[in-house]
Amino acid sequence: MKNFSKESLNITKEKLNEFKQLFPEVFGEGKVDFERLKLILGKNVSISDERYVLNWENKSEVFTAVQTPTTKALCFVSEESVKPDSTENLFIENITKI
């Protein structure tokens, strides 16, 4: 049986690596130069503030939390769920370690 890592993927690192593959010229000192990226993309860049958005307190912290690797998992709890075979409403519990 193959051993798997118990830690979640590092989404930020993976996305940056993919981005670096597409646009290596916009990276300097390991960081993205957005001004250079705007020049490369030309007319395809939108810098307008005219769009619909949903805002809430600490919104930026959510994006950081979502991209943070974890060893936690969610588990289905059948005894707490109602009609688990015929509904989309299931009881799921957070466990601390896999």
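**Stop one: the Phe cluster**

Select Phe-19, Phe-23 and Phe-27: together they form one aromatic cluster. Rings of Phe, Tyr and Trp (its six-membered ring) pair if their centres lie within 6.5 Å, with planes under 30 degrees apart counted as stacked, over 60 as edge-to-face and the rest as tilted. By this rule there are two aromatic pairs. The ring centres of Phe-19 and Phe-23 lie 5.3 Å apart with planes at 50°, so that pair is tilted. Phe-19 and Phe-27 have ring centres 6.0 Å apart and planes at 65°, so this pair is edge-to-face.

Now colour by accessibility, where buried means under 20% relative accessible area, exposed over 50%, and partly exposed in between (1.4 Å probe, protein chains only). Phe-27 counts as buried because its relative accessibility is 14%, whereas Phe-19 is at 24% and counts as partly exposed.

The charged end of Lys-20 sits over the ring of Phe-27, 5.1 Å from its centre. For a charge to sit over a ring, NZ of Lys or CZ of Arg must be within 6 Å of the ring centre and within 35 degrees of the ring normal.

**A word on the model**

This is a predicted model: local features need pLDDT of at least 70, side-chain atom pairs count only at pLDDT 80 or more, and totals for chains, interfaces and linings use all residues. Residues are numbered from 1 along each chain as its sequence is written, and side-chain values use heavy atoms, with hydrogens and water left out.

**Stop two: zoom out**

Switch to cartoon. The protein has three helices and four strands, and from the N terminus on they run α-β-β-α-α-β-β. Helices (H or I, at least four residues) and strands (E, at least two) are DSSP runs, numbered from the N terminus. Of the 98 residues, 7% are buried. The accessible surface comes to about 9500 Å², with 54% of it belonging to carbon and sulfur atoms; areas come from the Shrake-Rupley method with a 1.4 Å probe, and for residues only the protein chains shown count as cover. As for contacts (heavy atoms within 4.5 Å), residues 24 or more positions apart account for 33% of those with a separation of 6 or more.

**Stop three: salt bridges**

How many salt bridges does a search of the whole structure find? Two, where a salt bridge is a side-chain nitrogen of Lys or Arg within 4 Å of a carboxyl oxygen of Asp or Glu.

Start with Glu-35 and Lys-38, whose closest N and O atoms are 3.5 Å apart. Both residues lie in helix H2 (residues 34-41), three residues apart, about one turn of the helix. Glu-35 is exposed at 52% relative accessibility, while Lys-38 is partly exposed at 33%.

Then pick Arg-36 and Asp-33, which meet in a salt bridge at 3.9 Å, N to O. Arg-36 is partly exposed at 39%, and Asp-33 is partly exposed at 28%.

**Stop four: positive phi**

Most residues other than glycine have a negative phi. Select Glu-29, in the loop between strand S1 (27-28) and strand S2 (31-32): its phi is near 55°. Glu-29 counts as exposed, at 83% relative accessibility.

Next, jump to Asn-58 in the loop between H2 and H3. Asn-58 is not a glycine, yet has a positive phi of about 65°. At 40% relative accessibility, Asn-58 is partly exposed.

**Stop five: a nonpolar patch**

Show the surface and select Leu-9, Ile-11, Leu-54, Trp-56, Val-62 and Val-66, which make a nonpolar patch of about 570 Å². Patches are made of residues with over 30% relative accessible area and no salt bridge; like charges are joined within 9 Å, nonpolar side chains (Val, Leu, Ile, Met, Phe, Trp, Tyr) within 5 Å. Val-66 is in helix H3 (residues 59-66) and counts as exposed, at 54% relative accessibility.

**Last stop: Glu-7**

Where is Glu-7? Look in the segment before helix H1 (11-22). Glu-7 is partly exposed, at 47% relative accessibility. Not counting residues up to four places away in sequence, Glu-7 touches Pro-69, Thr-70 and Thr-71.
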